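Visitor: Hi, can you walk me through this one? I'd like to go through it bit by bit.

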Amino acid sequence: MLIGELSRRTGVSTRLLRYYEAQGLLEAERGPNGYREYAEDAVVTVRKVRALLNAGLTTEVIRVVLPCTRGEQQPGFDWCADLRALLDRELAAMDERIDDLQRSRGALAGYLEQP
């Protein structure tokens, strides 16, 4: 399928699809006319990428995690080597960012409470 059809079927812009390809998350063949041609399973791959992005993972992490996923909307995992440790580190980093934001929010709220 061409990039426009993949975009329509997934709701993801063609620009993002090209970005996913550049990041190594999505593969396309080039037709004789130079157009990108995607396999049917690209729809599932894009849905997995979107779900993992929504979980807060970066494209770098997704590139490692993606081969270990199964399912579509809420991907499950085949626990490849070191995958659990990688996701544990990502969760810990996310918790740290949340703590930092809560501290910043508290400081800002304190400023607003001043007369």
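Visitor: Let's begin with M1: does M1 count as buried or exposed?
Guide: M1 counts as buried, at 18% relative accessibility. Buried means under 20% relative accessible area, exposed over 50%, and partly exposed in between, with a 1.4 Å probe and protein chains only. Before we go on, this is a predicted model: local features need pLDDT of at least 70, side-chain atom pairs count only at pLDDT 80 or more, and totals for chains, interfaces and linings use all residues. Residues are numbered from 1 along each chain as its sequence is written, and side-chain values use heavy atoms, with hydrogens and water left out.

Visitor: Okay, and where is M1 placed?
Guide: M1 is in the segment before α1. Helices here are DSSP runs (H or I, at least four residues), strands are E runs of at least two, and both are numbered from the N terminus.

Visitor: What is M1 in contact with, leaving aside its neighbours within four places in sequence?
Guide: M1 is in contact with L6, R9, R36, E37, Y38, A39, E40 and V43. Contact means heavy atoms within 4.5 Å. Then there's E29, 28 residues from M1 along the chain, with the two C-alpha atoms separated by 10 Å.

Visitor: R9 and E40 are both on that contact list. What do R9 and E40 form with each other?
Guide: A salt bridge, with the closest N and O atoms 2.4 Å apart. The term means a side-chain nitrogen of Lys or Arg within 4 Å of a carboxyl oxygen of Asp or Glu. R9 lies in helix α1 and E40 in the loop between β2 (36-37) and α3, so the pair ties together parts that are 31 residues apart in sequence. R9 is partly exposed, at 34% relative accessibility.

Visitor: Why would side chains pair up like that in general?
Guide: Side chains of opposite charge can pair when their charged atoms come close.

Visitor: How many salt bridges does a search of the whole structure find?
Guide: Five. One of them joins D78 and R70, whose side chains meet at 3.0 Å, N to O. D78 is partly exposed at 41% relative accessible area, and R70 is partly exposed too, at 44%.

Visitor: And which residue does D100 pair with?
Guide: D100 forms a salt bridge with R103, with the closest N and O atoms 2.2 Å apart. Both lie in helix α5, three residues apart, about one turn of the helix. D100 is partly exposed at 35% relative accessible area, while R103 is exposed at 55%.

Visitor: Is the link of C68 and C80 left-handed or right-handed?
Guide: Left-handed, with -125° about the S-S bond. C68 is buried at 7% relative accessible area, whereas C80 is partly exposed at 30% relative accessibility.

Visitor: Now α3. Which residues of α3 are buried?
Guide: A42, V43, V46, K48, V49, A51 and L52. What covers them includes α1 (3-10), α2 (14-22), α4, β3 and β4.

Visitor: What should the span of α3 be, and what do its end C-alpha atoms give?
Guide: The 13 residues of α3 (residues 42-54) should span 18 Å at 1.5 Å a residue, and the end C-alpha atoms are 18 Å apart, which agrees. The expected span is 1.5 Å times one less than the number of residues. G56 follows α3, and its phi is positive, near 95°.

Visitor: What about V61, buried or exposed?
Guide: V61 is buried, with a relative accessible area of 9%, and is found in helix α4. Leaving aside neighbours within four places in sequence, V61 is in contact with L86 and E90.

How values were computed: A disulfide is a pair of cysteine sulfur atoms within 2.5 Å.
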